[in-house]
Amino acid sequence: MLETLLPILIFTALALAAIGAVRRVRLWRQGRPSRVNLLKGLVALPRRYLVDLHHVVERDKMISHTHVATAGGFVAAAVLMILVHGLGLSNPLLGGLLLLASTSMFVGSLLVARRRINPPARLSKGPWMRLPKSLMAFSIGVFLITLPTVGLLPEGLIEGSSSWLLALVLAGVVAWGLGEMFFGMTWGGPMKHAFAGALHLAFHRRAERFSTNKGGTGRSTGLKALNLEDDAAPLGVEKPADFTWNQLLGFDACVQCGRCEAVCPAFAAGQPLNPKKLIQDMVVGMAGGSDANYYGSPYPGKPVGEHQGAPHASIVAPVVMKEGKALVDAETLWSCTTCRACVEECPMMIEHVDAIVDMRRHLTLERGTTPNKGAEVLDNLIATDNPGGFDPGSRLNWAADLNLPLLADIKQVDVLLWLGDGAFDMRNQRTLRALVKVLRAAGVDFAVLGAEERDSGDVARRLGDEATFQSLAKRNIATLSKYRFQQIVTCDPHSFHVLKNEYGELGSADMPADYNVFHHSTYINELVVAGRLTFKAWKGGRVTYHDPCYLGRYNGEYEAPRDVLKALGIEVQEMARSGFRSRCCGGGGGAPITDIPGKQRIPDMRMEDVRESGAELVAVGCPQCTAMLEGVVDASAEVRDIAELVADALVEHPAADASGASPRPAETMKAEEVIL
């Protein structure tokens, strides 16, 4: 009986899976075109899945082992089952391999079942709770029907006329497993991510994240520019169909593990954002329907079941809408700090931040509904080239006594010091003065743009105003093209990021914008390694270091700041969340400007992390981090920029001249020069 039933069950499941796959592809293809190399992506898939993806999954060893046993066992068992029981190619070798594969899958299913006993809040429940049983049904069923193939059970025990009931039971168990594994993989259910996830890796929007792509570094974080010259192109994303097709595919790959939810600072602060829920809402919008069948944590303060969407319906309800709700509330999108903690943790490599900024672009450019001080900041950028609305000519007022060399006067220099809009902030001016002191102590040939420097455009871009960003960027590129310099150094990770990773796309053959950009901590570390700086012994207290999101997760720089602190004689007391899992300060993505309320403030949570480390001082490398952490009431630690710590520890040498040129070594000077 099983010899007849099994091929019918297997090929029926495969046919239904194929129909579901076509249906699923049609849902993705509702999105806008996006050029990908189909063949190259498919060829690269095995390495992307087994190596690049596994590097992320392996951060949790237990889940990694579970994934290898379950997924690896399933893929092998499915292929061998088709050969042995579908096509009748039964022999002891194939049967033995099938037993091993189903056994591996069963062991993995036990680990999944263990995970689902009192699961953490971040895991989705509902249909996901049946997954361990479905995995067991498939693996046990396949194991039992294969035993006669290898001679471990008599052929007639299952196939005999008196064993029809046992045969039907086994067929039912196999059908249950096939339904979840094959049918559910393309029609929806806990295994949907296996089909969508594989294709997502093959046709990822950021192929450069993978080692299989030429020049792939595992890090691709620059936002993609809008073509503002194309009148037919949408300005951002209004409806699900405005996403590119491979973005929709990426949303569908979500496994609902909640790792993004667990690290999201806005969610932890009680703001109305949950990155996992947001991705699932995009899937709902792509397919049409409501969020009533979502079984994970909701947006804080927003019940599940009150939102709905469709492929060609607005994701965010227009302000004039009187009745009903769209898919997502605007304040959910404005809660994001763009820290990329969600992207860094996602085992399916989904790009949450890209999607959020795409939707913000529509709200800002098409609707003009940037909340709170957003509109004022954008108006200031347009009118004065800086978000604070300060007189552009006052950019160097803080340095009136420093006689900083202007690039306009000397035309060529080794290092262009990019001041950023911290030049208008009294607190950050102390950091800039310290950095100037360090550069001069090391004899660095540097200059500044002065009034010619404009805002880098970072905050405009994160607030969705792509037009203002591109205007600022292109004007800065035109200014920089007039001069010759080897490197750009800045103490602002946000300026560092856009200059390094986002200006290049806006350059041209006449004015290329591929700059050699350094964060000041990296550059100072190079000066230390070169022996150009000498320090006094550290005599302060315990110090911890806060990783800025735009330096760490965006650009992978974690070691240089710590190496500088080590050179000062400081042993860093690491916080519980540091490195790529560092908690955001709450200052990125325009979050302080849009100011969406929650149950607590993100910088308060970060300063609590500092307190728990026992540190008396927190070293930072970002003006926004400094501002956010110093704004915490009753802070337990002092906040100092790395440049300030280095400047305070310098062993004084003869000063450089006003041009920033290196002083001559003291031993080569005449005695009277040294005395003078």
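Predicted model: local features only at pLDDT ≥ 70, side-chain atom pairs only at ≥ 80, totals over all residues.
Reader: By class, how many nonpolar, polar and charged residues does the lining of the second largest pocket have?
Author: That lining has 11 nonpolar, 15 polar and 10 charged residues. Residues are numbered from 1 along each chain as its sequence is written, and side-chain values use heavy atoms, with hydrogens and water left out.

Reader: What is the volume of the second largest pocket?
Author: About 900 Å³. Its lining has 36 residues, and those closest to its centre are Pro387, Gly388, Asp421, Ile593 and Gln624.

Reader: What counts as a pocket here, and what is a volume?
Author: On a 1 Å grid over the protein atoms alone, a pocket is an open set of points with protein on both sides within 12 Å along at least five of seven lines, whereas a cavity is a set of points where a 1.4 Å probe fits but cannot get out. Lining residues have an atom within 4 Å of a point. Points are joined across faces, edges and corners, and the volume is the space filled by probe spheres set on them.

Reader: Which element gives the largest share of the lining of the second largest pocket?
Author: H26, with 4 residues. Helices and strands are DSSP runs numbered from the N terminus, helices being H or I of at least four residues and strands E of at least two.

Reader: And the largest pocket, what volume does it have?
Author: About 1,400 Å³. It is lined by 45 residues, and Tyr49, His67, Ala71, His193 and Ala194 lie nearest its centre. By class, the lining has 33 nonpolar, 7 polar and 5 charged residues.

Reader: Which helix supplies the largest share of that lining?
Author: H3, with 12 residues. Helices that each supply at least two residues include H1 (2-28), H3 (61-86) and H8 (192-202).

Reader: H8 then. At what angle do the axes of H8 and H9 cross?
Author: At roughly 145 degrees, and the axes come within 8 Å. Axes are lines fitted to C-alpha atoms, for helices over the stretch in contact, and angles run from 0 to 180 degrees between N-to-C directions.

Reader: Which residues meet there?
Author: Lys192, His193, Ala196, Leu199 and His200 from H8 meet Asn246, Leu249, Gly250 and Asp252 from H9. Contact means heavy atoms within 4.5 Å. These residues divide into 3 nonpolar, 4 polar and 2 charged.

Reader: How many residues of H9 are buried?
Author: 8 of its 8. Buried means under 20% relative accessible area, exposed over 50%, and partly exposed in between, with a 1.4 Å probe and protein chains only. The cover over the buried residues of H9 includes H1, H8, H12 (275-287) and H15 (352-367).

Reader: Changing topic: where is threonine 338, and is it buried or exposed?
Author: Threonine 338 is in the loop between H13 (330-334) and H14 (341-345). It is buried, because its relative accessibility is 0%. Its phi is near 55 degrees, a positive value in a residue other than glycine.

Reader: What about asparagine 372?
Author: Asparagine 372 also has a positive phi, of about 50 degrees, although it is not a glycine. It is in the loop between H15 and H16. At 53% relative accessibility, asparagine 372 counts as exposed.

Reader: Glutamine 487, which element is it in?
Author: Strand S5, residues 484-490. Glutamine 487 is buried, since its relative accessible area is 15%. Leaving aside neighbours within four places in sequence, it is in contact with Asp414, Val415, Leu416, Asn516, Phe518 and Tyr523.

Reader: Last one: where is glycine 531?
Author: In the loop between H22 (520-529) and S7 (543-545). Glycine 531 counts as exposed, at 56% relative accessibility.

Conventions: Nonpolar A, V, L, I, M, F, W, Y, C, P; charged D, E, K, R; others polar.
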